Amino acid sequence: MNSLNVSRVIPALLAWAAAWGAMAWLDGHLDLANLAMLLVLASALAALWLPGWASLATSAVAVMAFNWFFVPPRFTFTVDLHQNALLLVALLLVNWIIAALVIRQRRQAHAAQQLAHREARLRQWGDTLRDASDPAAHAAALQTALQAATGGSTVAVSVLRALGGQPDDATTLQVGEPDAEQRAGLALCVRDGRPMGAGSGRYDELPDAYLPLRGRGVTLGAALVTGLARHPQGTELRPHLQALCDQMGSALHRSLITAQEQQAREQAQLQATRNALLAAISHDYRTPLATIMGAASALQEQGERMDGAQRSRLAAGIVEESERLARLTDNTLQLARLDAPTVALRCDWESTEEIVGAVLRRARRRPEGARVHVWVEPGLPLLWCDAMLVSQLLDNLLDNGLKYSPADAPVELHATREGEQLVLAVSDRGPGIAPAWHDKVFEVFQRGEGATGSGGGDDSGRTGAGVGLAVCRAIARAHGGEIRLRPRAEGGCRFECRLPLRSADQPAPLAPEAAPAQEATP
């Protein structure tokens with residue numbers, strides 16, 4: 001007798017022992033009818049713990065013992081038909097009816113408990129799948145859940161790793177060790193998308209159950225539960241097992257759809273980058289290439305007939321247009337790189353003074369570079385950044401300011417600290433940009449049609465590729481910052497790039513508060 005049966009039999013034996021002890025003690029003080037009530041009470045209490053057959057059998061034995069010990073003539077099974085026969089028959093029937101009702105109620109309580117356990121298992125399984133980034137990795141967990149639900153039946157799971165896949169693909173995930181016939185059954189279940197085995201209406205002669213992992217309109221695998229036809233609760237368990245499998249199928253479907261959407265977005269982004277490159281080549285590369293080709297052809301064919309000033313002017317035009325073409329190429333390629341989902345920056349602790357100084361040296365090599373004025377706040381902390389990208393951002397802003405401001409107007413670059421942010425600001429004194437274009441100028445290939453000033457097309461024939469400011473915004477956001485356009489009261493535009501400051505291992509020493517701002521050394 002196992003521990004579970006002992007724990008159920010001992011309380012029943014105690015109830016019967018107490019009842020018989022009370023009847024022996026009250027014998028002679030109460031009549032048979034009252035003593036019989038104690039027997040009925042003991043039978044009802046014992047039925048709470050004993051199995052059905054045991055409860056009915058003990059009730060019958062108890063009635064016979066009651067007849068032997070208490071019904072006259074005592075210690076015989078002879079019964080006075082007129083006095084006590086009806087009492088004994090009624091006592092036996094009442095005991096059996098009470099035992100049957102208690103047993104039925106106990107079975108209903110057990111069934112309700114099983115339903116609660118299954119509901120809890122489904123809820124827990126749903127929570128596990130909802131938080132899973134790759135539901136296919138939980139195929140082993142599904143195997144464990146099915147085994148727990150069936151009480152230890154052998155389970156195998158087959159999961160497709162792609163929409164439209166076949167169960168015999170090399171990428172199919174197999175958990176468990178089904179034999180060749182069972183693998184064929186799993187494959188057939190996946191292709192048909194319907195359950196198979198005893199009680200399913202399809203191949204009822206099979207002892208095993210094949211349950212599909214169904215998503216929305218698609219089957220993404222199947223589970224094998226061996227011996228479900230012989231399981232005592234096989235008919236009741238089948239809907240629960242199918243619900244577990246359908247949860248897995250729905251999670252797989254959602255995961256694969258999400259992966260397809262992500263792949264489609266990446267493909268669309270890649271296509272947009274290709275289109276951007278083609279648009280830049282077809283529209284913005286033609287002018288500098290035509291200028292370079294014309295100047296080079298003139299030098300080749302007529303260079304001997306030109307004086308030195310003419311040759312120098314043509315050579316300067318070639319250099320200027322080549323630099324313009326190089327900047328356009330760098331900006332376009334950088335924009336494509338920064339738009340990638342997994343872009344990795346080459347960050348290190350950099351000195352703002354050195355970055356600004358290098359940018360100023362490049363600007364001063366340009367014919368109009370003398371108009372650039374730079375102020376750097378003393379004692380700026382080190383900046384955690386990609387120095388090449390930040391330099392390119394400042395190059396683009398200065399080029400934008402020089403291009404769209406009057407020839408005699410200065411372009412100013414300021415580097416200051418505001419709280420936990422480094423502010424890199426480039427200001428010009430051009431006509432400005434219409435308010436409707438303050439955000440659009442940072443979009444790729446937007447040159448501010450209908451607007452004037454920095455970053456937009458004006459009537460002087462100065463045009464840009466429309467990617468420089470878009471690259472600036474991409475660089476700022478890649479560093480966790482932002483760039484904004486602010487109109488100036490005295491005319492022109494001010495582009496402010498705000499980058500977050502982090503604590504360096506050796507922060508730059510703070511300058512005295514009274515120290516004046518200084519111009520970076522070119």
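These are my notebook entries on what I looked up in this structure. The model is a predicted one.

**Entry 1: the five-stranded sheet**

I began with the sheet. Five strands form an open sheet, and I wrote down their order as β2-β1-β5-β4-β3. The pairing is antiparallel. Which strands stand at the edges? They are β2 (173-175) and β3 (196-197). Each has a single partner strand, so one side of each is left without a neighbour in the sheet.

I then went through the pairs of strands. Strand β1 (residues 155-159) is joined to β5 by five bridges, and the two run antiparallel. Val159 has Gly221 as its bridge partner in β5. On to β4 and β5: they pair over five bridges, again in the antiparallel sense. Here I found Tyr210 opposite Leu224 in β5. The hairpin of β4 and β5 has four residues between the strands. In that hairpin, Gly217 takes a positive phi near 75 degrees. Gly197 stands opposite Ala209 in β4.

How many residues of strand β5 (residues 219-225) are buried? I noted seven of the seven, so β5 is largely enclosed by the rest of the structure.

**Entry 2: strands β7, β9 and β10**

Next I looked up strand β9 (residues 411-418). Strand β7 (residues 372-376) is joined to β9 by five bridges, and these two run parallel. The bridge partner of Val374 is Leu413 in β9. With strand β10 (residues 421-427), β9 pairs in the antiparallel sense over seven bridges. I found Glu412 opposite Ser427 in β10. β9 and β10 form a hairpin with two residues between them. Gly419 sits in the turn and has a positive phi of about 65 degrees.

**Entry 3: salt bridges**

I searched the whole structure and got 13 salt bridges.

I stayed with β9 for the next one. Glu418 and Arg498 meet through their side chains in a salt bridge (2.9 Å, N to O). Glu418 lies in strand β9 and Arg498 in strand β12 (residues 493-500), so the pair ties together parts that are 80 residues apart in sequence. Is Arg498 buried or exposed? Arg498 is buried, with a relative accessible area of 16%. Glu418 is partly exposed, at 41%. I also saw that Glu418 and Arg498 belong to a network of salt bridges that includes Arg486, Arg494 and Glu496.

I looked up two further pairs. Arg477 forms a salt bridge with Glu482, and their closest N and O atoms are 3.1 Å apart. Arg477 counts as partly exposed at 47% relative accessibility, and Glu482 counts as partly exposed at 22%. Glu368 and Arg366 meet in a salt bridge between their side chains (3.0 Å, N to O). Glu368 counts as partly exposed, at 25% relative accessibility.

**Entry 4: a serine in a loop**

Where is Ser351? I found Ser351 in the loop between β6 (348-350) and α10 (352-364). At 18% relative accessibility, Ser351 counts as buried, because the limit for buried is under 20%. A polar contact of 3.0 Å joins the side chains of Ser351 and Glu353.

**Entry 5: aromatic rings**

I counted two aromatic pairs. I looked up the pair of Trp20 and Phe69. Their ring centres are 6.4 Å apart and their planes stand at 70 degrees, so the pair is edge-to-face. Trp20 lies in helix α1 (residues 3-26) and Phe69 in helix α3, so the pair ties together parts that are 49 residues apart in sequence. Trp20 is partly exposed, with a relative accessible area of 24%. Phe69 also counts as partly exposed, at 40%.

**Entry 6: a nonpolar patch**

Which residues make the nonpolar patch of about 540 Å²? I listed Leu56, Val89, Leu93, Trp96, Ile97 and Leu101. Helix α4 (residues 85-130) gives the largest share, five residues. Leu56 lies in helix α3 (residues 52-69). Leu56 is partly exposed, with a relative accessible area of 33%.

Methods:
Residues are numbered from 1 along each chain as its sequence is written. Side-chain values use heavy atoms; hydrogens and water are left out. Patches are made of residues with over 30% relative accessible area and no salt bridge: like charges are joined within 9 Å, nonpolar side chains (Val, Leu, Ile, Met, Phe, Trp, Tyr) within 5 Å. Accessible areas come from the Shrake-Rupley method with a 1.4 Å probe; for residues, only the protein chains shown count as cover. A salt bridge is a side-chain nitrogen of Lys or Arg within 4 Å of a carboxyl oxygen of Asp or Glu. Buried means under 20% relative accessible area, exposed over 50%, partly exposed in between (1.4 Å probe, protein chains only). Rings of Phe, Tyr and Trp (its six-membered ring) pair if their centres lie within 6.5 Å; planes under 30 degrees apart count as stacked, over 60 as edge-to-face and the rest as tilted. Two strands pair if DSSP finds at least two bridges between them. A polar contact is a pair of N or O atoms within 3.5 Å; within protein, one must be able to donate a hydrogen and the other to accept it, and residues adjacent in sequence count only if both atoms are side-chain atoms.
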